[in-house]
Amino acid sequence: MSVLVYTENWDGKFKKLSFELVSYATGVAKMLSTSVTAVSIGKVDESELKKLGNYGADKIISVSNDQLIALDSQAYTSVISEISQKENATVIIISNNNTGKAIAPRLSVRLKAGVGSGVSKLPLNLNPFTVYKRTYSGNAFAHVVIKSDVKIITLAQNSFDLIEIANNATIENLNVPIDGSLLKTVVKDVQKQTGKIVLTDADIVVSGGRGMKSPDNWPSLVELATLLGAATACSRPVSDEGWRPNDEHTGQTGKIIAPNLYIAVGISGATQHLAGISSSKYIVAINTDKDAPIFEASQYGIVGDAMKVLPKLVAAVKEIK
Amino acid sequence: MKILVCISNVPDTTTKIKFAEGNTSIDTTGIQWVINPWDELSLTRALELKDDAASGIKSVTVVHVGPSTSEPTIRKALAIGADDAIRVNAESSEAWFVAFQIAEVVKKEQFDIIMCGIESSDYNGSVVGGMISEFLGIPSVSAVSGIKIENGQPVMTREIDGGKEVVIVPAPFVAIVQKGIAKEPRIAAMRGIMMARSKPVKLVESVAVEPLTQIVVFEKPAPRAACKFIDADNPAQLIDLLQNEAKVI
Ligand SMILES: Cc1cc2nc3c(=O)[nH]c(=O)nc-3n(C[C@H](O)[C@H](O)[C@H](O)COP(=O)(O)OP(=O)(O)OC[C@H]3O[C@@H](n4cnc5c(N)ncnc54)[C@H](O)[C@@H]3O)c2cc1C
Ligand SMILES: Nc1ncnc2c1ncn2[C@@H]1O[C@H](COP(=O)(O)O)[C@@H](O)[C@H]1O
């Protein structure tokens, strides 16, 4: 028996997300009195792999196969399912991000393992195995029993605190032969944005809505974000109008994020917007309308004109930085 | 080529969710049911592709796993423009069960492109599309933000961390769609509504499969503390609170 965790890397480096997954897996393994095996796919050097041990991984299996450079959901599923059978994994943990969403359901069918997706707490119960997941876009949470022998959990991003435990993990480099006929995804072009903080990774997000009035008013919002090391986001009408790029749109039909701090400027707080941000640890709202629903979701609020408040906030942050 | 669009029937996105007695299900009184927003957008894109004669898309079918009470949602999809519909007659209890039923439908009817949404707004599972593809042993592409047909070949754009990739996979495949797939959902016109009445809805009985998961109870999100208001003339106080009370900056 073991807990298996799939740790994603980006150009050979792990991010906080990977350590969060291992911390969570360690918590589950403790409940089950078993060990944690972390799987890494891609070229990651040994010193980087070792870092997974700092969060409790006992064993690290590194697969660095040239055929696995692009995400091919079938090939990745084969590799992970093979390893999980070899390791006799009873619980498999994967992120609930794009990659996890591509792999977890396929793995579920392959292993006949029920999936609890978007889980944000340690299992509530082991017998029956019960997880806590987001439903109705954050308007409700469900206790879900997974009945199969093998269980898959996809962990909501930024929902579990990092726990450092010195652990000397063993590293195994595994060469998994891949059936070439499984590799069906051909990547014709890659367009990467560089230098921008990835919205779904950001600890702090500064977001603007229609209350910002015009795209010309964004520089002070962007300046605040830059000073705070934050990513920028927006409401749907703002991206629909083309005031901001599409990939900044948060909400039910945009990105679902859970930063430590979400600053909503000129956003009314429609349920569809809240669906994407309600898991943020702290929400701050700046809005001229004291009755705007966003204030009900916020811990801190300023009733005021964004155009006047933003420059003052920028000045105040400069004071402390 | 034939497209199958999987549609899920969900409460309107503005619904205030209440639970029924015992908190084991939601209270459905007064709920307005709609096509899951992603599925509405994937249907829109499928129809746009079909409108372009050069694409080679011959038909757009919608499939839904659900009881007869979800018929109005299926009719709405037909009114928007789907050619025909298939309803698997069963309570859509759980992802594994639903995906299994849709895979069975595809095995019998052969589609080239199967479109699913990235998540249903009720269960928020993000799994049905991937499961269908694995049941069928065909490729799946996730986080698809665009699809077009170039010389008879479907070409997709998918979101990756901090960027985009243009990918192709051989048909048949499952495209799991997200933001960007279509701009605005297509709305049913009067003529469409009239025509929908005579379009075929094929009823299929479900295949018995053991569900792997079960919701035992719902709960409301933990209430947030009341909002602390800070004077608009003194935003420095907000920065102080964020730094020293919330400790987030
Ligand atoms: C199926 C569906 C899915 C949807 N998905 C999403 C989604 O994913 N994300 C999303 O965001 N929306 C989504 N929407 C739209 C959503 O319902 C709202 O229309 C939208 O969130 C409103 O955006 P907003 O808050 O920027 O604009 P508004 O609602 O227009 O609010 C602007 C706010 O700014 C305030 N304001 C005005 N002037 C100022 C000023 N000078 N300074 C400060 N504040 C000011 C106003 O008081 C107001 O509260 C969806 C809708 C549907 C039907
Ligand atoms: N009962 C259903 N009938 C048909 N398609 C469904 C059903 N439930 C989910 N789907 C499809 O699967 C997608 C993802 O759903 P989920 O895995 O529940 O988040 C939805 O956007 C639909 O395309």
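This is a predicted model: local features need pLDDT of at least 70, side-chain atom pairs count only at pLDDT 80 or more; totals for chains, interfaces and linings use all residues.

Q: Which other residues place an N or O atom at a listed distance from an oxygen atom of ligand 1?
A: The side chain of Asn287(A) has an N or O atom 2.7 Å from an oxygen atom of ligand 1, whereas Gly266(A) contributes through its backbone, with an N or O atom 3.1 Å from an oxygen atom of the ligand. Taken on its own, ligand 1 has 990 Å² of accessible area, of which the protein covers 79%.

Q: How many residues are around ligand 1, and which come nearest?
A: There are 27 residues around ligand 1, and those that come nearest are Lys213(A), Ser235(A), Ser268(A), Gln272(A) and Asn287(A). By class, this shell is made up of five nonpolar, 17 polar and five charged residues. As for the elements behind it, α6 (236-240), α7 (271-277) and α8 (306-320) of chain A each supply at least two residues of the shell.

Q: Why is the site of ligand 1 described as shared between chains?
A: The site is shared because the residues that surround ligand 1 come from chains A and B.

Q: Which elements build the shell around ligand 2, and what classes of residue does the shell hold?
A: In chain B, the elements that give two or more residues to this shell are β4 (59-65), α3 (95-109) and β6 (113-117), and β4(B) gives the most, with three residues. The shell has nine nonpolar, nine polar and two charged residues. Of its 20 residues, the nearest are Cys6(B), Asp39(B), Ser120(B), Ser126(B) and Val127(B).

Q: How should I read burial along a strand, and why is β11(A) said to be largely enclosed?
A: A residue is called buried when its relative accessible area is under 20%. In strand β11 (residues 151-155) of chain A, five of the five residues are buried, so the strand is largely enclosed by the rest of the structure. Both of its faces are covered, with Lys151(A), Ile153(A) and Leu155(A) buried on one side and Ile152(A) and Thr154(A) buried on the other.

Q: Which strands pair with β11(A), and in what sense do they run?
A: Strand β6 (residues 89-95) of chain A runs parallel to β11(A) and is joined to it by five bridges, with Val91(A) having Lys151(A) as its bridge partner. Strand β7 (residues 114-119) of chain A also pairs with β11(A) in the parallel sense, over four bridges, and there Val115(A) is partnered with Ile152(A).

Note on methods: Residues are numbered from 1 along each chain as its sequence is written. Chains are lettered from A and ligands numbered from 1 in the order in which they are written. Side-chain values use heavy atoms; hydrogens and water are left out. A residue is near a molecule or strand if one of its heavy atoms lies within 4 Å of it. Ala, Val, Leu, Ile, Met, Phe, Trp, Tyr, Cys and Pro count as nonpolar, Asp, Glu, Lys and Arg as charged, and the others, Gly among them, as polar. Buried means under 20% relative accessible area, exposed over 50%, partly exposed in between (1.4 Å probe, protein chains only). Two strands pair if DSSP finds at least two bridges between them. A polar contact is a pair of N or O atoms within 3.5 Å; within protein, one must be able to donate a hydrogen and the other to accept it, and residues adjacent in sequence count only if both atoms are side-chain atoms. Accessible areas come from the Shrake-Rupley method with a 1.4 Å probe; for residues, only the protein chains shown count as cover.
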